[in-house]
Amino acid sequence: MPKVELHVHLEGSIQPETLLRLARRNHKPLPARTVEGLRRWYSFTDFDHFIEVYRVICACICTPDDFELIAREFLCNQAEQNIRYSEIIFTPYTHVNSDDPVPFSEQLAALNRARDWAAVELGVQAVWVPDISRNTRPAAHSLMVVDWAISGQEQGVVGFGVGGGETGNPPELFAEAFDRARAAGLACLPHAGETEGPASIWGALHRLHANRIGHGVRCLEDPELVAFLRRRQIPLDVSPTSNICLGVALSLAEHPLPRLLAEGLYVTINSDDPPLFNTNLTQEYLAIADTFDLGVNAIERLVLNGVHALLRPLIERAKISEQFRKEFTRLCTEFQL
Ligand SMILES: [Zn+2]
């Protein structure tokens, strides 16, 4: 089925094969020398290991060509899954504050070479969401990153985000950067309500002017917050397998997705860091359909939620939605659903 993806991290989407290639050409050490070994090392064990994997991956991205390669491979993977539109998060400061720094303008130019290639060769579209890690200190570095993001508005940058460890790093630390993003017309896309509870989501809404919430699943702990999110229909980028790996839900069967839907909240489905959580967007849809017995109408609704939450003009979203509906109708006929 046709799909869109709103919440997926470029650095967290690098397949083991690509990491091996990057490490070899940049002479960087890896904890395993084979794809199978790397795949085993990738597999999620706990948050500290996850951060270590992320650190090693980022250390292997050293040149603009590396950015172009990872973006091309990412978009090939999206095309294979029939994901037509992707809003891709990446963390530029990590690659500037590194042993092999690549300036933001060169990062973005390389990403756009991949984007232009994919639009022509694969028929898939992409836009960029630079973010800052909440652990970054001083937090004022976020002002530099938001200025980079604003400078890229004519080159496919549509939003500004904040991710990383939520605990001890409340949204308020980044309020000034998000004020700047909003004033410049960028969408405000913070992660919140993943490892922290409702206070983090309220902060993201009130202080960071969130247009969407990355995760947000812990809103269910506060009925007032649920009512607010329902009234405003603020999209929650839900990533079920990621939530399980990070201990936000114990298992898929216990994931809050059915409750979020029953509360009338605006939910989209995403893969977050797919190979690190041993998943992809197709797999996420298959898993929720299976576990929660969601029929084709419920799945189509979730896909169309994604379309209507895209950071694109209303008229374009309407066109994409109409196209997707037609394809769902055709698929239902073909597979007698
Ligand atoms: Zn994320």
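Reader: Why are α14 and α15 called roughly antiparallel to each other?

Author: In this predicted model, the axes of α14 and helix α15 (residues 314-334) cross at roughly 160° and come within 10 Å. Axes here are lines fitted to C-alpha atoms, for helices over the stretch in contact, and angles run from 0 to 180 degrees between N-to-C directions. Angles under 35 degrees count as roughly parallel, over 145 as roughly antiparallel, 65 to 115 as roughly perpendicular and the rest as oblique. The angle is therefore in the roughly antiparallel class for α14 and α15.

Reader: Before we go on, how are residues counted, and how far is the model used?

Author: Numbering starts from 1 along each chain as its sequence is written. The model is predicted, and local features need pLDDT of at least 70, side-chain atom pairs count only at pLDDT 80 or more, while totals for chains, interfaces and linings use all residues.

Reader: Which hand does the crossing of α14 and α15 have?

Author: Right-handed. A crossing is right-handed if the near helix is turned clockwise from the far one by less than a right angle, and left-handed if anticlockwise.

Reader: What makes the contact between those two helices?

Author: On the α14 side there are Val 296, Glu 300, Val 303, Leu 304, Val 307 and His 308, and on the α15 side Arg 317, Ile 320, Ser 321, Phe 324, Phe 328 and Cys 332. Being in contact means that the C-beta atoms, placed from the backbone, lie within 7 Å. By class, the contact of α14 with α15 has eight nonpolar, two polar and two charged residues. Ala, Val, Leu, Ile, Met, Phe, Trp, Tyr, Cys and Pro count as nonpolar, Asp, Glu, Lys and Arg as charged, and the others, Gly among them, as polar.

Reader: Why is α1 called roughly perpendicular to α2?

Author: Helix α1 (residues 16-25) packs on helix α2 (residues 35-42) at an angle of about 110°, with the axes 9 Å apart. That angle makes α1 roughly perpendicular to α2. Pro 16, Glu 17, Leu 19 and Leu 20 of α1 make the contact with Val 35, Leu 38, Arg 39 and Tyr 42 of α2. Six of the residues in this contact of α1 with α2 are nonpolar, none polar and two charged.

Reader: And why are α7 and α8 called roughly parallel?

Author: The angle between α7 and helix α8 (residues 175-184) is about 15°, and their axes are 8 Å apart. α7 and α8 are therefore roughly parallel to each other. Among the residues that meet are Leu 143 and Val 146 in α7, and Ala 177 and Arg 180 in α8.

Reader: What makes a strand an edge strand in the sheet?

Author: Eight strands form an open sheet in the order β1-β2-β3-β4-β5-β6-β7-β8, with parallel pairing. Two strands pair if DSSP finds at least two bridges between them. The edge strands, β1 (3-9) and β8 (267-269), each pair on one side only.

Reader: How do you know that β5 and β6 pair?

Author: Strand β5 (residues 187-192) and strand β6 (residues 213-215) have two bridges, in the parallel sense. Ala 192 has His 215 in β6 as its bridge partner. Helix α9 (residues 198-206) packs on the sheet and touches β5 and β6.

Reader: How many helices and strands are there in the protein?

Author: There are 15 helices and eight strands. Helices (H or I, at least four residues) and strands (E, at least two) are DSSP runs, numbered from the N terminus.

Reader: How do you know that the radius of gyration agrees with a compact globule?

Author: The rule is 2.2 Å times the number of residues to the power 0.38, with the radius taken over C-alpha atoms. For 337 residues a compact globule would be near 20 Å, and the protein has 19 Å, so the two agree.
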